[in-house]
Amino acid sequence: MPGFEVFGEEEKKQVLDVFDTGILFRYEFDKERQGVYKVREFERAFSGYTGAGFAQAVTSGTAALKVALAALGVGAGDEVITQGFTFVATWEAIFDIGAIPVFTEVDETLNMDPVDLAKKITEKTKAIIPVHMLGAQARIQEIMAVAEGHSIPVLEDTAQAAGARINGRHLGTFGSIGTFSFDSVKTMTTGEGGMCITKDEELWRKMSEYHDHGHDHVVNPGGRGGEGRRFIGFNYRMMELQGAIGLAQLAKLDQMIAAQKKTKQLLKEAAAKIPGVSFRNLIDEQGDSATFFAFMLPDKEHAAKVNTVLRENGAGAINFGENSWHFYPSWEHLIGAKTLADNGWPFSAHGKRRIIYDPDTLPASAELMNRTLVYQIPVRMSEEQRDNIIHALAKASQL
Ligand SMILES: *Cc1c(COP(=O)(O)O)cnc(C)c1O
């Protein structure tokens, strides 16, 4: 990651097709657009690539989560369970639909711990969102088993793991809906953009209508203005330029992953020599999209020592225990209930507190995140950059 590293003639050509017609809107203008329907084509290609059946393009990965939650019938007062190690977008979408996020621990997959998930389910739980963080698999089959035991739908936040699989089956196709992000730092990118996939036609229909002001998309002689509606929607429509870029990027995704895998293997071999090192638990190493390389040390002090050496050698790693955007205890705006709403929503309303977030509620995740070090793997890492990291890891192995 990110896919802009491989922008080339293919993306340019796709975008020029759109400029040749001048139609940036994904619907209507049937005469003027001369058969160019890039967003529709992108949805079909993405659905085909993942084997999902149906795909709905939207404006962002965050919008994708919200549109999916809407289609699953989540609303005010419901609880939605996700993990404490994720990007803020996952729980922003839960709040935005009116529901309350509940956070689970992560285990050495760096994703949702299914045992902790089982403990957090209540009669208010309306959906479960495991996140496939850092390019690789959550224990999705175990999570599905827990969820199915309670008849709760699973929404897979696959924003960071496009193209990743388990035994050939794409992440995002295990739950009721899978969502993806194509923002500017994701493996495949359209600048901004997102996708929802599902095998359930009625869920897809709801997402299609909700993301377009409720338009039922039933063709009739009145055109768009004459379309009916079943419920209140919103506008999360993707534009044709994004669909065009998405088509070119999707065609390169498997090659990007293959390049990342090669680099990751070299880094892993170098890191394996560090005393006490262990690696992130991958459910299917073959299906890893290899956008990140994560390794663990026995404890926080050990990890800090190793990272000091890596930094001194110009190749410091990310410690998500210190990163403020991806880990629960550092979300001070969540913990401090900071909202723009004068009445305190979503944390409180009408003088009543709805929920309090305790920063110490995920001790196992904190212990794990503090001793985990992570490198991002660019699609095109220069040999110099790569050898620099390998050299730094070799220095750390002499500790
Ligand atoms: C990037 C990301 C999102 C949100 O995607 P945007 O397209 O930036 O809105 C959601 N979840 C996770 C885990 C992400 O990394």
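Residues are numbered from 1 along each chain as its sequence is written, and side-chain values use heavy atoms, with hydrogens and water left out. In this predicted model, local features need pLDDT of at least 70 and side-chain atom pairs count only at pLDDT 80 or more, while totals for chains, interfaces and linings use all residues.

**View 1. Salt bridge between K12 and E9.** A salt bridge here is a side-chain nitrogen of Lys or Arg within 4 Å of a carboxyl oxygen of Asp or Glu. By this rule the model has 24 salt bridges. In the pair shown, the N to O distance is 3.4 Å. Both K12 and E9 belong to helix 1 (residues 9-21), 3 residues apart, or about one turn of the helix. Helices are DSSP runs of H or I with at least four residues, numbered from the N terminus. K12 and E9 are both exposed (exposed is over 50% relative accessible area, buried under 20%, partly exposed in between, with a 1.4 Å probe and protein chains only).

**View 2. Salt bridge between R230 and E202.** The N to O distance is 3.2 Å. This pair links distant parts of the chain, 28 residues apart: E202 is in helix 7 (201-210), and R230 is in the loop between helix 7 and helix 8 (240-250). R230 is partly exposed at 47% relative accessible area, and E202 is partly exposed at 34%.

**View 3. Salt bridge between D212 and R237.** The closest N and O atoms are 2.7 Å apart. D212 and R237 both lie in the loop between helix 7 and helix 8, so the pair ties together parts 25 residues apart in sequence. D212 is buried, with 0% relative accessibility.

**View 4. Network of E10, E11 and K252.** Salt bridges with shared partners join these residues into one network.

How values were computed: Helices (H or I, at least four residues) and strands (E, at least two) are DSSP runs, numbered from the N terminus.
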